[in-house]
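Please read this report with the sequence and the model open side by side. It takes up a few topics in turn and gives the criteria along the way.

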Amino acid sequence: MIEILSTPSLVTIQDLGRSGFYRYGVCRSGAMDRLALAIGNLLLGNDRGAAGLEIPILPLRLRFNSDLNFSLTGADCGAMLGDRPLPPFWATRAKAEDVLTLNAPRSGCRVYLCVAGGIDVPEVLDSRSTQLRETFGGIEGRALAKGDRIAAVGNDVRLPHAGVGTVPPAVALAAAGDSTTAVRVIPAAEYADYDDASRAAFWSADWKVTVQSNRAGYRLEGPELALTRPRELRSHGVVPGVVQVPAGGQPIIQLADAATMGGYPKIGVVIDADLWRIAQARPGDALRFVECDTAGAADAHDETETYLAQLAADVGRQRRLATAWGVA
Amino acid sequence: MSASAASLEEPRITPLGSSAILFEAPGAFDIQHQRRIWALADAAATWDMVVEAVPGMTNLMLILARPPRDIGVFETLLRDAWDIGDEKHVEPTVLELSIVYGGEGGPHLHDVAEGAGLSVAEVVRIHTEPDYTVYAVGSHAGYCYLGGLDARLFMPRRKVPLVSIPGGSLSLAGMQTGVSASAGPSGWHTIGRAEISFFDPKRLPPALMKPGDVVRFKAERVIA
């Protein structure tokens with residue numbers, strides 16, 4: 001059991017999200033940085049889709065009420081377990097009464113805390129993710145509050161005494177450009193309807209992440225994107241990654257909690273494999289869009305899968321070694 | 001600027017990012033085309049790699065299990081299935097909703113009247129006349145996209161979306177009208193309010209209405 005001692009707003013329980021309920025209007029929800037959540041789970045020997053905590057704003061303090069394996073992935077937040085500093089992308093064992101403090105991130109935007117076996121809350125519509133708008137999933141469909149107690153499902157995995165970690169994905173996975181916040185985009189149905197200058201600007205500009213950015217979407221600021229003729233579309237399905245451009249000409253990237261349908265013109269769609277990079281961009285950071293096609297997106301997907309499979313194998317080997325040498 | 005979407009001559013099929021595909025039907029925005037979309041959705045849901053087929057307004061989104069290297073296979077499947085021309089006919093559930101038009105719950109009623117060149121009373125009369133068909137469910141959980149709005153009330157979305165409108169808000173934009181199932185942002189014109197729950201995650205299916213069902217609006221009160 002973990003007790004929340006102090007928390008910022010908008011800390012939620014998330015897994016990899018809901019699938020199969022789009023036609024009832026239920027968005028994917030789930031971790032904004034699904035890669036960090038998956039890694040956090042693999043470090044602990046969990047299924048990669050076990051539920052963890054998504055922590056977007058810091059600091060946060062919590063206390064372990066019993067011994068428990070946990071991991072921290074995502075943003076590097078100068079975490080302290082008691083007086084012991086913890087590296088990012090690291091799993092270790094907490095003792096009963098240990099206090100974990102997560103401080104302001106040095107880089108990145110969202111921290112993921114995973115626990116042995118995953119967080120134990122009921123599945124609703126096949127997922128434990130918190131659906132903030134419709135208030136279900138997680139704990140009563142809401143963000144965590146001081147005093148909340150969270151139970152772990154638990155597992156019998158033994159970690160090396162010193163813990164186990166991995167190279168962060170920002171280092172391990174090639175970025176699409178020279179900046180870590182470059183994300184790959186497949187042009188969408190209305191791409192050709194933008195004028196030449198707007199299409200050129202879309203690929204070349206540094207798009208500033210505004211403070212009006214959250215789990216539903218990131219509003220960006222940059223050159224105005226103009227259509228060659230006005231478009232009023234028939235509403236259609238929208239997935240995380242769709243870059244809509246409302247009448248003001250400033251793009252909005254739809255993300256985990258976005259509406260499942262929309263009718264604004266869309267200039268492109270960020271590929272799934274790069275959505276985690278957006279989740280770790282903070283207001284004031286710049287994003288750059290790099291053109292991609294479906295084959296490139298399939299390659300990026302395969303690269304991510306290979307990375308995760310390798311990571312799971314490496315971590316498993318370290319755990320087995322530590323157990324064999326009696327240091328787990 | 002015309003508020004009505006231009007019709008396509010041919011089906012348009014485009015990748016919607018790495019793991020989804022958008023099919024846009026050619027032709028008019030009407031119930032016949034929508035019935036073909038529902039039939040197409042039923043067919044597509046059985047295809048390999050398709051996690052879900054999600055009807056929109058005379059369009060269909062396929063969500064795939066993983067990113068396909070190219071979407072050619074799906075283009076062929078979609079075109080062929082569309083060309084068969086099957087329509088799905090639904091035995092509709094009819095929902096009658098009492099609406100308070102205008103006032104605090106309908107802040108844009110006057111804007112709509114002005115935009116349409118009508119009086120508030122005429123807007124309400126025109127809006128309560130038709131039987132609206134649920135074309136699609138989405139945007140947020142349980143929300144119904146309704147077809148059947150009178151052309152005199154067609155108008156573009158608002159330039160600046162509202163940060164939040166409450167659940168039960170009745171709004172319209174483009175060729176569409178509907179009632180919010182929960183509080184959230186909106187770029188539409190909000191003209192009234194109803195007391196209704198469209199979604200319950202403990203129920204299966206969790207949405208109250210399905211495509212093909214019918215909604216009628218009754219003016220309980222008009223605050224001019």
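## Basis

This is a predicted model, in which local features need pLDDT of at least 70 and side-chain atom pairs count only at pLDDT 80 or more, whereas totals for chains, interfaces and linings use all residues. Residues are numbered from 1 along each chain as its sequence is written, while chains are lettered from A and ligands numbered from 1 in the order in which they are written.

## A sheet in chain A

Chain A holds an open sheet of six strands, in the order E2-E3-E10-E5-E8-E12, with antiparallel pairing; strands (E, at least two residues) and helices (H or I, at least four) are DSSP runs numbered from the N terminus, and two strands pair if DSSP finds at least two bridges between them. At the edges are E2 (12–14) and E12 (164–165) of chain A, each of which pairs on one side only.

Three antiparallel bridges join E2(A) to strand E3 (residues 52–55) of chain A, and A:Thr12 has A:Glu54 of E3(A) as its bridge partner.

## Helix H5 of chain A

H5(A) comprises 31 residues, which at 1.5 Å a residue should span 45 Å, and this agrees with its end C-alpha atoms being 45 Å apart; the expected span is 1.5 Å times one less than the number of residues. After H5(A) comes A:Gly326, with a positive phi near 70°.

Among the buried residues of H5(A) are A:Thr294, A:Ala300, A:Leu311 and A:Arg319, where buried denotes 20 or more other C-beta atoms within 10 Å of the residue's own, with C-beta atoms placed from the backbone. Their cover includes helix H1 (34–43), E12 and strand E13 (182–187) of chain A, together with strand E1 (12–15) of chain B.

## Contact between the chains

Chain A contributes 43 residues and chain B 52 residues to the contact, two residues being in contact if their C-beta atoms, placed from the backbone, lie within 7 Å. On the chain A side, H5(A) gives the largest share, five residues, and that side divides into 25 nonpolar, twelve polar and six charged residues; Ala, Val, Leu, Ile, Met, Phe, Trp, Tyr, Cys and Pro count as nonpolar, Asp, Glu, Lys and Arg as charged, and the others, Gly among them, as polar.

## Domains of chain B

Chain B is divided into domain 1 (12–84) and domain 2 (94–223), with bounds from an automatic or database domain assignment. The C-alpha centres of these domains of chain B lie 27 Å apart, and eight residues of domain 1 are in contact with ten residues of domain 2.

Methods
Buried ≥ 20, exposed ≤ 12 C-beta atoms within 10 Å, placed from the backbone.
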